[in-house]
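Dear colleague,

My notes on what was found follow directly after it.

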Amino acid sequence: MAVLELPQWTALAPALVFVATALALFVIDSINPHTRNRSLLAGTTAVGALAALGVTVWFMLAGVGTPTAEGGLGVVELFGGQFVVDQMTLFFTTVVSIVTALVAVASYDYMADHTYQSEYYSLIMLAATGMAAMAAANSLVTVFIALELASLPSYALVAILKDNRGSVEAGLKYFLIGALSSAIFLYGISLVYGATGHLQLEAIADNLDGADAYGGLLGLGILMLIGGFAYKTASVPFHFWAPEAYEGAPAPISAFLSSASKAAGFVIAFRVFTTAFPVEATTAVIGIDWTTAFVVLAIVTMTLGNFAAATQDNVKRMLAYSSIGHAGYALIGLAGLSADGGELVMGAAMMHLFVYGFMNTGAFLFVALAEYWGVGRTFEDYNGLARQAPVACAALGIFMFSLAGIPPLGGFWSKYILFTETIGAAGTNGAMLVVAAALVVNSALSLYYYSRLVKAVWIEDPIGERDALAQPIGLYAAIVVAAVLTVVALPAFGPIADAAQQAAAVAIG
Amino acid sequence: MMIEALLAVTLVGALVTFVAPNRIAGKLAFAISLLPAGLGLWLFSAFDGSGNALLEGELAFESRVEWIQIGEYTVSWFVGLDGISLPLVVLTTILCTLAIVSSWTPIDDRESQFYGLVLFIEANLIGVFAALDFFVWFIFWEAVLIPMYLLIGIWGGPRRKYAAIKFFVYTNVASLLMFGAFIVLVFSLGDAVTSFALPEIATAMLEGGPEAFMGVAGSTIAAAVFVAMFVGFAVKVPVVPFHTWLPDAHVEAPTPASVLLAGVLLKMGTYALLRFNFTMFPEQAEAFAVPIAAIAVISVIYGAMLALAQTDLKRIVAYSSVSSMGYVILGLIAYTQFGVGGATFQMVSHGLISGLMFMAVGVIYNATHTRMVTDMSGMADRMPVAVGILVAGAFGYMGLPLMSGFFGEYAIFFGSFGSGRLPYSQVFTPLAMFGIVIVAGYLLFALQRTVFGPYHLETDYDVGRAPLHDVAPMFVLLAIIIALGVAPELIFEMITDAVDPILENGGEL
Amino acid sequence: MDVPIEYFVLLSMALFSIGLFGILTRRNALLFLMSVEIMVNAANVNLIAFAFYHGNLTGQVFALFAMALAAAEVAIGLGIVLVLYRNFRDVDVTVPTTMRW
Amino acid sequence: MEGLFDYAPAIALFPLAAFVIALAFGPKLPKKGAIPGIVATGGSLLLSLAMLAAVAGGEEGYYHETLFTWAAGDAAGEIGTDAIEFTFGILIDPLAALMLVIVSLVAFLVHVFSLEYMNAEGETGLPRYYAGLGLFTFSMLAFVYADNLLMAFMFFELVGLCSFLLIGFWFRTRSAPSAAKKAFLVTRFGDYFFLIGVVAIAATFGTVQFAGEDSFVAAAAAAIDDGGQLFGFDAETWVTITGLLVLGGVIGKSAQFPLHTWLPDAMEGPTTVSALIHAATMVAAGVYLVARMFGYYALSPTALAIIAFVGGFTALFAATMGVVKDDIKQVLAYSTISQYGYMMLGLGVGGYVAGVFHLMNHAFFKALLFLGSGAVIVLMHHEQDMWKMGGLKDKAPVTYYTFLAGALALAGIVPFSGFWSKDEILYDALIVGLEQPLIMAAYAMGLIAVFFTGFYTFRMVFLTFHGEPRTETAEDPHSVGWAIKAPLLVLGVLATVAGLANLAPVAKLTGAEISFLEYWLDGEYGGLEALTYHSYHETVPFEEGAIGSETTTMLLGAGLSLGLALAGAFTAHALYNVPSPTRHTEKLGGAYDVLRSNYYQDEYQVWLAEGLTLPVARAADRFDQTVIDGAVDGVSSVSLFGGDRVKRIQSGIVTNYAALLVAGFIALLIVLGFLGGWFL
């Protein structure tokens with residue numbers, strides 16, 4: 001129980017490691033301005049991310065967050081409950097740090113000839129810090145600050161290719177929608193505060209009954225909070241930034257945002273709604289079960305995402321829409337909360353976000369590789385890549401089939417367990433049956449466009465001649481690691497499932 | 001552990017082949033595939049099981065390990081063989097070995113990947129028949145899609161992309177439907193079930209049956225689930241009207257893929273029908289007996305009529321598969337020992353015979369590069385041996401006595417004619433039997449036009465005798481077919497032993 | 001304190017709506033930014049008013065945080081507007097439409 | 001003697017071995033596999049004769065042994081039984097023994113004949129030919145001594161396969177494969193009903209044994225006695241139904257109307273094949289099957305009457321068609337159909353002995369005639385048109401006289417074998433017919449057919465052998481060797497004297513004990529009680545009448561048929577036995593076209609296949625491609641179109657995004673607000 005000796009604040013170690021790495025990068029940059037020493041910078045970033053990962057895993061194993069009843073160290077509360085470190089925190093921190101590490105390694109090649117190396121990496125680290133903080137935030141204050149801490153660097157990262165119109169346009173749209181959304185979010189917070197007089201989540205929950213008079217106010221506030229989360233998780237109707245941002249941003253950043261940032265968005269959503277707005281109590285006040293909103297959002301989001309993805313020509317954009325679709329899947333986790341076994345649905349959603357972490361990252365990193373090769377952006381441009389780069393394309397096949405939920409890959413478990421639990425929840429909440437049906441339709445459709453990409457690289461013959469393709473070490477390493485993780489996740493899914501389900505159970509309490 | 005060994009050998013072999021140089025891939029894959037084939041025969045000789053795997057039977061080579069906990073349900077790695085699955089496993093191993101040999105000639109591009117995929121598909125097929133936990137079974141069931149998609153897509157004919165995607169999406173949608181239905185069943189079984197182990201679920205079904213779920217009465221649930229699962233499997237079988245993916249897939253697939261598709265993949269559907277619908281839902285099966293029998297008869301006659309209209313040899317065989325599968329359905333719904341046993345026997349027998357047919361057609365195609373009946377005549381003049389085998393196979397398909405096909409069909413007819421469970425069985429059976437006339441019609445018509453008559457060939461290739469390694473596998477198949485035709489008891493005994501418990505649940509002995 | 005809380009809420013809602021209106025109508029990036037600021041300040045008004053109403057300081061403190069973050073946001077925003085101008089020779093947010101559908 | 005029976009399996013296995021050898025090593029062997037064939041069939045012949053002796057000599061007098069279980073399982077038979085075994089077994093009783101001898105003898109002779117007929121021509125694919133013959137002989141012999149219905153069906157099918165392969169022997173032509181296909185398909189159509197019958201009988205009685213306590217015949221008899229219901233019919237009706245279903249196979253194989261159309265086309269095969277398969281043995285399989293399970297048919301007067309009527313009708317129907325054929329083999333083909341009609345007639349009226357008797361005689365004289373025609377074809381350098389022949393009498397005496405013997409037997413001229421058997425059939429038909437109008441009609445048709453038989457037979461003889469040679473090939477024909485002559489001589493003798501086996505009329509007149517075949521089939525020398533003539537005769541429900549005394553009836557019938565036969569012969573003599581005969585077809589007028597085109601039987605059957613079934617199939621295919629598959633593709637295209645529309649809302653203009661975002665938010669707000677009642 002080594003953790004016990006440490007002071008409480010060390011529970012935030014993962015976030016601290018991130019921020020430390022960011023500062024280290026600044027130091028390096030200030031010692032040697034405009035350094036192009038990529039291996040040093042990317043190395044530091046990767047090491048930092050892996051360190052954070054190591055710490056997180058260590059905490060998990062040490063039993064941080066595991067209820068003391070089960071021999072764990074119990075949930076660690078910091079700063080009067082402004083931050084909390086429990087299994088959910090660690091679970092999502094794991095996702096964030098893994099993705100960050102992969103992205104850092106991949107950027108080593110992708111950003112090779114970029115002018116502002118150290119800024120790039122330190123921004124990534126700061127964003128990661130924000131996300132780690134989101135995972136731990138336990139008060140609307142910290143939630144908002146962490147959210148902004150994650151968002152602001154992201155804006156910059158998306159637009160970092162200053163002379164690339166796509167990047168800039170992406171950055172602009174991302175920023176504008178983001179600003180609008182955060183304004184709405186902030187206003188929502190203010191309303192909730194008004195209704196309950198508190199910002200700390202437990203406190204809000206305790207004071208819900210006092211807010212009877214302001215049911216409408218509270219309801220509006222909650223709805224605005226939902227808006228804020230919807231923006232962060234790229235869910236309808238706050239998703240409009242996503243396709244452009246993902247398409248225009250540097251591919252590693254797209255991976256970073258669509259995996260880590262999305263996961264972080266979900267963790268705050270999970271935490272706020274499970275802790276601050278317990279279903280029955282809230283329903284009593286605002287007169288309606290807020291899961292209804294998520295049912296609608298989930299269905300609309302997954303449908304819109306998949307249908308729009310089906311007919312894309314640009315691979316990156318297809319992946320962008322598909323990530324909207326997956327946001328829809330994950331939203332089911334919140335939609336099912338009012339039903340018996342809601343914690344199982346949420347757990348399934350968390351598993352999905354976990355696996356999605358590396359399979360989606362891997363997919364975007366393959367796009368990064370393709371951009372590195374300069375083969376072009378459309379499906380046709382990808383034709384016949386498998387003949388020249390079988391390993392990378394095999395990895396792509398793994399990612400695609402895993403995203404489609406075809407065994408024997410990690411994506412299978414998360415998707416089908418989600419499906420299973422959705423049906424289970426339907427037992428007490430009929431709306432979930434509609435969700436399940438939508439899930440079937442959408443995954444069938446998703447099958448079409450995922451396999452379309454596999455078809456392009458494996459089946460089609462290349463249009464015209466292509467000269468030999470380089471094998472950038474960093475990108476390859478990242479992709480292969482992601483692929484291996486995706487495959488290994490199938491047999492080794494037991495721990496993931498247990499962790500997610502426990503975390504969900506504890507969070508709901 | 002023998003089954004694990006079988007799977008491991010095949011999977012490792014697949015990996016090895018995948019990275020092997022193209023030059024030796026074919027021979028290497030053959031050498032590797034001898035291991036599972038030999039192992040399969042060993043299993044056959046060492047088989048010591050009795051009874052039905054789902055109904056408290058004595059399993060052979062059983063092994064069970066807890067894997068994943070989903071809510072209160074346990075998923076465990078649970079495999080074992082009984083008299084129904086063992087013959088199919090052996091069939092798979094043998095057919096795959098022969099398919100590999102038969103593809104030495106036609107496959108001349110990306111060999112290592114091709115043979116790797118074939119071995120991969122073999123592993124999954126073995127898994128499908130050996131698995132006894134729903135999730136394990138479903139993983140293998142779905143995992144078959146990936147290699148088959150690629151086999152058709154990469155090495156297929158002109159419209160291969162369309163065929164591949166159609167096969168992929170169509171069958172997967174069916175699987176989703178079936179999966180959802182089954183999960184509903186599991187949840188509606190309530191506390192009676194705590195794992196996804198099929199025996200447990202079967203017992204719960206037969207003893208308690210589903211409780212009300214989502215406010216729907218248990219009996220309604222059972223009926224709905226039965227129908228949904230029947231449809232889901234019907235696509236895989238396929239039976240009219242869900243058959244349209246089959247001819248496309250067959251026509252475009254390369255010979256060995258067709259061999260496996262017709263030889264084993266279709267059997268997955270009927271096998272699943274037997275395992276799930278007809279083992280777990282005896283009452284519903286009886287309730288729906290008439291419509292199902294009607295579907296069976298329609299499949300037989302309609303499929304045969306379609307075959308009659310074709311001019312592409314592969315399409316002919318493909319549609320005749322639809323027709324033959326109709327017999328199997330009829331035998332299953334009859335619920336007599338000869339009916340169900342004969343159906344199971346017919347699965348094996350049809351696997352061998354249709355495999356033989358596709359190989360023979362493939363050999364002719366290798367030489368002529370056409371499969372159009374109208375493009376050739378008098379092939380017997382140039383390739384007497386291959387044609388001789390084709391004719392033998394055709395007569396096997398027509399159910400010539402002393403070949404396995406005859407026993408399969410005879411047992412089904414006999415079993416269904418006397419069935420007390422199937423109303424109007426004395427009407428349905430003769431109707432279905434008329435298929436044996438039509439099948440003779442279109443096969444002989446095709447033979448007359450292609451292999452007999454004066455030699456003529458539209459495409460300008462000089463046709464000579466087929467190489468030994470093209471003909472040898474067909475001889476092996478022919479030998480097995482005749483052996484099973486002369487002494488069906490070789491496997492019929494163990495089949496009936498495994499079938500009896502099914503019949504005891506409302507069936508008749 | 002005799003100004004009823006409702007007035008503050010109405011005021012903030014008015015501000016919020018004005019900001020929103022601005023966002024929907026203005027095409028100039030800078031005006032877009034300002035509108036966002038107005039919305040944020042609407043929220044701040046709320047926070048402070050409610051802090052007063054509830055008699056705890058949480059809201060006021062948070063308002064300070066919010067302002068700081070808003071400032072940071074504007075900083076990033078201006079940076080993006082700069083590169084926007086550099087690439088598109090315009091600060092009209094409706095100009096960049098190279099990516100759509 | 002009993003020990004001999006243990007060698008019974010070898011009777012069939014010898015030819016099987018020959019088949020394997022010919023297939024595997026044929027090309028390397030001298031004579032391309034003829035030798036093993038001859039040895040094997042010879043062996044079978046000797047063993048069969050031994051069986052004959054064993055049946056005659058043994059105290060048990062029959063052999064009934066189950067060799068191995070093909071498949072066994074549980075099945076709820078309609079009556080009681082709950083377990084069923086499908087086995088391979090051997091049943092050798094007088095009938096089977098007799099048939100074994102006939103089959104193996106003809107097969108042996110045909111093999112010998114082939115030595116010259118086939119090998120001489122430098123024919124390719126001879127191993128295939130001998131393999132085919134071997135496989136056929138195996139299947140036929142196995143069929144003959146099959147002890148149960150299913151086994152019988154299986155080998156019934158196999159002989160069909162062999163017939164397909166051998167008819168299609170010259171596969172490089174267009175006509176042969178087509179004829180082979182037709183033969184298989186038409187018989188298959190019959191076998192479809194046969195198989196239903198087998199399945200039905202098995203499902204009803206839980207057994208398919210021909211003989212013994214647990215035979216389905218016994219079970220059926222029992223069922224009829226206690227008058228229960230079988231599958232919703234009363235027992236006798238059900239027996240009739242199943243019996244008729246099985247009869248479907250018989251009609252197909254024995255080329256009875258309306259499934260006779262394949263046999264004439266089957267003449268595309270080598271003449272030896274026609275002799276062995278399409279005259280003497282395989283076609284006999286149908287009739288033999290009826291005789292084999294005669295006890296079953298005996299239970300159902302309806303079935304018997306139908307058999308008799310079909311037989312009589314076919315006899316006349318085919319004979320008339322034979323009258324106008326020019327191809328010597330065609331004439332023989334139609335006469336074959338007609339003769340099997342007689343056998344059906346005989347069995348149908350309960351004349352078990354008569355039927356079997358004619359079966360035997362026909363095997364001899366028809367094989368003789370076919371081989372004879374084969375010899376003629378050799379003489380004529382593969383010319384089959386009788387109008388191109390003539391005057392071969394002096395140039396090929398052996399062929400001529402043997403052929404003549406066969407012709408006399410076929411025409412039924414006393415004292416040749418054909419006369420005795422045919423006359424007996426007609427007599428049995430007559431005596432039953434006197435009581436049963438339907439049978440009387442059948443008898444009448446059979447009687448009229450006698451005239452036509454006599455006519456076309458001698459038309460054939462005269463056109464072929466008499467008169468002046470009408471072509472130069474007929475001037476100096478190719479010579480034939482011993483391998484052709486020997487079989488002709490053997491069969492010639494048999495055709496002449498085989499009648500002695502059962503001189504029933506003489507016996508009746510003189511009271512001498514000389515109707516040996518009857519005693520033989522009656523189990524006097526040994527056999528199973530249940531399968532004897534008298535036990536059948538008791539079961540057969542027909543009562544018999546007579547014109548005056550039995551003897552007068554007999555003499556009357558005999559005289560009538562003999563007279564008609566002679567009349568036919570003399571008509572032929574008058575018309576064609578002239579130096580240069582001419583076609584007298586114009587005398588027939590319109591009837592000629594009808595006969596020439598075989599009553600348009602082929603036309604409508606071909607129409608059924610190609611005019612009806614094929615278009616329907618094409619329509620089904622179109623339906624499948626457009627409607628069913630269209631629906632599948634429709635779903636995908638619709639969803640893709642939907643996707644294409646959905647993505648349009650991503651207009652690329654950020655202000656619109658903001659607007660849509662707010663709109664969406666407000667929509668959500670309104671919905672939830674109303675549900676939650678926030679606006680109150």
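How far apart do the C-alpha centres of domain 2 of chain D and domain 3 of chain D lie? They lie 52 Å apart, where the domain bounds come from an automatic or database domain assignment. For chain D that assignment gives domain 1 (1-293), domain 2 (300-592), domain 3 (597-649) and domain 4 (651-680).

Before the rest, please keep in mind that this is a predicted model, in which local features need pLDDT of at least 70 and side-chain atom pairs count only at pLDDT 80 or more, whereas totals for chains, interfaces and linings use all residues. Residues are numbered from 1 along each chain as its sequence is written, while chains are lettered from A and ligands numbered from 1 in the order in which they are written.

Chains A and B

The secondary structure of chain A comes to 22 helices and two strands, with helices (H or I, at least four residues) and strands (E, at least two) taken as DSSP runs numbered from the N terminus. The radius of gyration of chain A, taken over C-alpha atoms, is 22 Å, close to the 23 Å that the globule rule (2.2 Å times the number of residues to the power 0.38) gives for 509 residues, so chain A is as compact as a globular protein of that length. Along the principal axes, the C-alpha atoms of chain A fill a box of roughly 70 × 55 × 45 Å.

Chain B has 21 helices and four strands. Its radius of gyration is 22 Å, close to the 23 Å given by the globule rule for 509 residues, so chain B is as compact as a globular protein of that length. The C-alpha atoms of chain B fill a box of roughly 70 × 55 × 40 Å, again taken along the principal axes.

From the UniProt record, in an unreviewed entry, comes the feature "domain: NADH:quinone oxidoreductase/Mrp antiporter transmembrane" at residues 137-437 of chain A; UniProt positions are given in the numbering used here, feature names are shortened, and annotations may be inferred rather than shown by experiment. That span of chain A is 79% helix and 0% strand, with its end C-alpha atoms 34 Å apart. For chain B, an unreviewed UniProt entry places the feature "domain: NADH:ubiquinone oxidoreductase chain 4 N-terminal" at residues 74-121, a span that is 60% helix and 17% strand.

Where the chains meet

Two residues are in contact if their C-beta atoms, placed from the backbone, lie within 7 Å. Among the five pairs of chains that touch, the most contacts are between chains B and D, and this contact takes 43 residues from chain D and 47 residues from chain B. On the side of chain D that touches chain B, the largest share, 14 residues, comes from α6(D). That side divides into 26 nonpolar, five polar and 12 charged residues, where Ala, Val, Leu, Ile, Met, Phe, Trp, Tyr, Cys and Pro count as nonpolar, Asp, Glu, Lys and Arg as charged, and the others, Gly among them, as polar.

Chain B also meets chain A, with 29 residues of chain B in contact with 32 residues of chain A. The largest share of the side of chain B that touches chain A, 13 residues, comes from α7(B), and by class this side has 22 nonpolar, five polar and two charged residues. No contact joins chain B and chain C, whose closest C-alpha atoms lie 24 Å apart.

Chain A and chain D also meet through α9(A) (residues 215-232) and α28(D) (residues 654-676), which pack at an angle of about 145 degrees with their axes 11 Å apart; axes are lines fitted to C-alpha atoms, for helices over the stretch in contact, and angles run from 0 to 180 degrees between N-to-C directions. The residues of this contact divide into six nonpolar, three polar and no charged, and they include A:Leu220 and A:Leu223 on one helix and D:Phe665 and D:Leu668 on the other.

Backbone details in chain B

Most residues other than glycine have a negative phi, and most peptide bonds are trans. The bond from B:Val237 to B:Pro238 is cis, with omega near -10 degrees, and a cis peptide bond also joins B:Val240 and B:Pro241, with omega about 5 degrees. B:Pro238 is in the loop between α9 (218-236) and α10 (245-252) of chain B, and B:Pro241 lies in the loop between α9 and α10 of chain B. B:Arg110, although not a glycine, has a positive phi of about 50 degrees, and lies in the loop between α3 (85-102) and α4 (111-130) of chain B.

With kind regards
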